[in-house]
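User: I want to learn how to read a model like this one. Please take me through its features one at a time.

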Amino acid sequence: LSLVIGHGYGTLHASCLVRDGVALLLLAPHNTGKSTTALRLALAGFRLLTDSMVFVDGDGFVHGYPVGLAKLRGDMVGQFPELRPFLQTEIVRQETKYRVDLRSVNPNFVQETAVRPKKLILCLLSRHEKEETVVEAVGEAEVIQAILHNSLYVDQPQVWRQNVSKLQKVLVGATA
């Protein structure tokens, strides 16, 4: 990833969904509910670009890798009975996950190509004890902290700074 950042891309461990010119980035630590939320949104009319890595280029295009794939924890599989025939097991960090390629479920659930969104909405997800969803605005400091926390495999301070700089360009004017 340091090589990708060195070639002008910002990288982020996040899900990205798109609809009507809006890109929705979901940032969350592992096992927080990012994939579950992304799948719910994909089944509700958003198109999943990626559930893993987002790359932002210098022209403001958002790319995803891998495209159209999502992974569920075992305890979340029951919430998606319509996906059961499409799930494949995969070991991730010594945990069994259930991978689904939404292209095989319905190609309309997937955004296959990079997008240059008219609007970007950044959602910082976290778990809490309340049953209802809580939505609140967050400031730039919280966004930068989330980006740093969700930038995988970036282990050198100059690379971290370069990555945040690339991402800040696309986040200008974003809703968080």
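Analyst: Start with a charged pair. A salt bridge is a side-chain nitrogen of Lys or Arg within 4 Å of a carboxyl oxygen of Asp or Glu. Here the side chains of Lys 34 and Asp 51 form one, at 3.8 Å from N to O. The pair links distant parts of the chain, 17 residues apart: Lys 34 sits in helix H2 (residues 34-43) and Asp 51 in strand S4 (residues 47-56). Helices (H or I, at least four residues) and strands (E, at least two) are DSSP runs, numbered from the N terminus.

User: What should I know about the numbering and the source of the coordinates?

Analyst: This is a predicted model, in which local features need pLDDT of at least 70, side-chain atom pairs count only at pLDDT 80 or more, and totals for chains, interfaces and linings use all residues. Residues are numbered from 1 along each chain as its sequence is written, and side-chain values use heavy atoms, with hydrogens and water left out.

User: Are Lys 34 and Asp 51 buried or exposed?

Analyst: Buried means under 20% relative accessible area, exposed over 50%, and partly exposed in between (1.4 Å probe, protein chains only). Lys 34 and Asp 51 are both buried. Ser 35 is also in helix H2. Ser 35 is buried too, with a relative accessible area of 14%.

User: Which residues does Ser 35 touch?

Analyst: Contact means heavy atoms within 4.5 Å. Leaving out residues up to four places away in sequence, Ser 35 touches Asp 51 and Lys 71.

User: How many salt bridges are there in total?

Analyst: The rule gives 6 salt bridges. One of them joins the side chains of Glu 90 and Lys 71, at 2.8 Å from N to O. Glu 90 is in strand S7 (residues 88-92) and Lys 71 in strand S6 (residues 69-73), so this pair ties together parts 19 residues apart in sequence. Lys 71 is partly exposed, with a relative accessible area of 32%.

User: Which other pair can I look at?

Analyst: Take Arg 103 and Asp 101, whose side chains meet in a salt bridge at 3.0 Å, N to O. Arg 103 is partly exposed at 30% relative accessible area, and Asp 101 is partly exposed at 25%. Bridges can also share partners: Lys 71, Glu 90 and Arg 99 are joined into one network this way.

User: Where is Asn 108, and how far is it from Asp 51?

Analyst: Asn 108 is in the loop between helix H3 (102-105) and strand S9 (119-124). With 53% relative accessibility, Asn 108 counts as exposed. Asn 108 and Asp 51 are 57 residues apart in sequence and 16 Å apart in space, C-alpha to C-alpha.

User: Now the whole chain. What elements does the protein chain have, and in what order?

Analyst: The protein chain has 5 helices and 9 strands. From the N terminus, the order is α-β-β-β-α-β-β-β-β-β-α-β-α-α. The radius of gyration is taken over C-alpha atoms, and the globule rule is 2.2 Å times the number of residues to the power 0.38. The radius of gyration here is 16 Å, close to the 16 Å that the rule gives for 176 residues, so the protein chain is as compact as a globular protein of that length. Its C-alpha trace spans about 45 × 35 × 30 Å along the principal axes.

User: What do burial and contacts say for the chain as a whole?

Analyst: Of the 176 residues, 41% count as buried. Among contacts between residues at least 6 apart in sequence, 65% join residues at least 24 apart.
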